[in-house]
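Here is a report on a two-chain model. Look over the sequence and the structure first, then read on.

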Amino acid sequence: MTNYSHIEYWQRFIQGDQEAFRSLYDLYVNALFSYAIRYCADEEIVKDSIHDLFVDLHRYRSRLNLHVNVKAYLFGSLRRKVVESKRKSIDRSISAENYRFRLGLDTEDYITLSDDKENEVLTKLRAEMEKLPYRQKEALYLRFTCEMSYEQVAQIMDISIASCRTLIYRAIKDLRLRMENNKISQLLFIAFLPVRESNDQPITSRSMLI
Amino acid sequence: MERKVEDILSGDSPREDLDKEAAADVRKLGDRILNILQSTKSLRLSSEAHVTLWTRIEETTKNARRRNRQIKILRYSAVACAFIALSFFFWNRQDPDISYNSLLYNAMNNQNLITEEQEVSMRHGDGQNVRISDGQEVIDLSLDQKYENARKKTSTFNTLTVPYGKRIEVILPDNSKVWLNAGSQLTFPTIFDAAERRVYLEGEGYFDVESDVKRPFYVHTANLEVKVLGTTFNISSYKDDPFASTVLLSGEIELQGAGETLFEPQILKPGTAAVLRKDSKHLSISNETVEDHISWRQKQLILKNTPLAEITTRLERVYNTDITVESTSGSNETFSGRLDLTQPLTSLLTTLYNPVEYQLQQEERRITIKKK
């Protein structure tokens, strides 16, 4: 895995290599930013937290462990920093809009397919996903969007691997049930509108191919 | 039995298993879920922001290095002076700033999220997290010290987390006792320095410090710093409280501001309480409310013209329950008296909110109070 070279950067950084420190920043800053901005709407807080994270790494590097999972370590440390400064900002100003974890962001637009029916399903699914508890969403994001192992997700969220698996399991099960309920109501709707049903036929078969 | 989509996606190789063994409709939903999550775009910093942020990091680390070098030079000259003066004063002294900074760093970094914790737990310096079983009321670390000391000289930091609804007593390596109230965290070294003892507290603790004139004991919090030689006192510094306070029961303590709070160091006398309002940074010292501050140890809450909002915040912590009041009319009301914290929460709330006027709704760890 690519992680091998990442751990090399990490170890060279701990031994005092300034270039390796820069490489770690370049390698991870976007992933860290993408993750933390889902935690906290305030971009400045996120940037400050990343700043503090790297400054601390540098300051205390002699105490750092040479053998860590770099990605999980950085994500986990940043998570704590963001939560910390979010709390502080709540103390100071009520205005800072804070969300605990969001999968979709307002600034992102989704790839839309030519297939309207499929788009509708995906939009519905996205909306249902966003309604999940925030820890479930975070687990989904780390596991599938960031393609991390259960071990890594557990380390970041500071929970056991078993509870991690449970979070994912519950999230998916919940999604399935919500979508099934949704489908039943849709079928009823279609049954009362036989004209639309024939129109929908070719589209449905096309969506099967995707 | 057919595997459902949640069985497959929570497995170790969801993609492969979906393709291999899922029924058509299961695969379809599974694919959709995976596609949405995997096509969630990774947000990138603009190249400008990327460079700006790096420059900031580089500047800060460079400044820190320069400062370190200056400190080193100063320290060397101090040592030289000490030699010349044949004084041993500077000789074995640890730089207090450095030990304080590493304590603070560890306190910030070792923190678990109190709200996510269910059990009392201790995070060790090496990242290991130990959960303390439910029935245990005392954690005794004074015994560890003896063989720990002999085995290794390097000290790391432990952070003890007490979630809402729990409390615990801990005996520190120097035999000092601390009772930690619900929703608190205490960070302390596995071995105290020869010259001083420093701990960092977030939340509330009742300290019974082992007397050691040669090793002052410091309690650091976000707004206050307490220096003691050997006394009994209570200190409360919750993030979500508008105040921080210290109450001295015996001995003598020196109180200082920390962080953004600055005031002249104050010496507290036994039986007095110092309360800092966080917004005005105003410190008031009185000897009236001592008992109220420490009543939590007797599982009581003493109220003296205490605003209703403050009472509910305290009850939320003790009972680990969200209390939502959907009415603003009574929030300025104050109460005096004694609440028995061994009683169920709902019965306490009915004393505060007259059931004739208010309606209580409980749903797991959430209570909503509505005006009828």
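## Chain A at a glance

Of the 210 residues in chain A, 29% are buried. Buried means 20 or more other C-beta atoms within 10 Å of the residue's own; exposed means 12 or fewer, and partly exposed lies in between, with C-beta atoms placed from the backbone. The model is predicted: local features need pLDDT of at least 70, side-chain atom pairs count only at pLDDT 80 or more, and totals for chains, interfaces and linings use all residues. Residues are numbered from 1 along each chain as its sequence is written, and chains are lettered from A and ligands numbered from 1 in the order in which they are written.

Chain A has nine helices and zero strands. Helices (H or I, at least four residues) and strands (E, at least two) are DSSP runs, numbered from the N terminus. Take the contacts in chain A between residues at least 6 apart in sequence: 70% of them join residues at least 24 apart. Two residues are in contact if their C-beta atoms, placed from the backbone, lie within 7 Å.

## An enclosed helix

Helix α7 of chain A spans residues 150-157. Six of its eight residues are buried, so the helix is largely enclosed by the rest of the structure. The buried residues of α7(A) are Gln152(A), Val153(A), Ala154(A), Gln155(A), Ile156(A) and Met157(A). Just after α7(A) comes Asp158(A), with a positive phi of about 60°.

## Two nonpolar cores

A nonpolar core is a set of buried Ala, Val, Leu, Ile, Met, Phe, Trp, Tyr and Cys residues joined through C-beta atoms within 7 Å. The largest has 57 residues, and Leu32(A), Ala36(A) and Ala139(A) touch the most other members. Helix α2 of chain A (residues 18-37) gives the most to this core, with nine residues. Leaving aside neighbours within four places in sequence, Leu32(A) contacts Ile50(A), Leu74(A), Phe75(A) and Leu78(A).

A second, separate core has 48 residues. It includes Val120(B), Val199(B), Val209(B) and Leu315(B).

## Where the chains meet

Chain A puts 43 residues into the contact, and chain B puts in 34. On chain B, α1 (5-9), α3, α4 (47-84) and α5 (96-109) each supply at least two residues of the side that touches chain A. That side of chain B has 16 nonpolar, 11 polar and seven charged residues. Ala, Val, Leu, Ile, Met, Phe, Trp, Tyr, Cys and Pro count as nonpolar, Asp, Glu, Lys and Arg as charged, and the others, Gly among them, as polar.

From α5(A), Val121(A), Leu122(A), Leu125(A), Arg126(A) and Met129(A) meet Arg32(B), Ile33(B) and Ile36(B) of α3(B). The residues of this contact are six nonpolar, no polar and two charged.

## A three-stranded sheet in chain B

Three strands of chain B form an open, mixed sheet in the order β18-β21-β20. Strands pair if DSSP finds at least two bridges between them. β18 (322-326) and β20 (358-363) stand at the edges, each with a single partner strand, so one side of each has no neighbour in the sheet. The twist averages 15° from one strand to the next.

β20(B) and β21(B) (residues 366-371) pair antiparallel over six bridges. Glu363(B) stands opposite Arg366(B) in β21(B). Helix α9 of chain B (residues 345-352) packs on the sheet, touching β20 and β21 of chain B.

## Around Ile323(B)

Ile323(B) sits in strand β18 of chain B. It counts as partly exposed, with 17 C-beta neighbours inside 10 Å. Not counting residues up to four places away in sequence, Ile323(B) touches Thr312(B), Leu315(B), Glu316(B) and Ile367(B).

Key. Axes fitted to C-alpha atoms, helices over the stretch in contact; angles between N-to-C directions.
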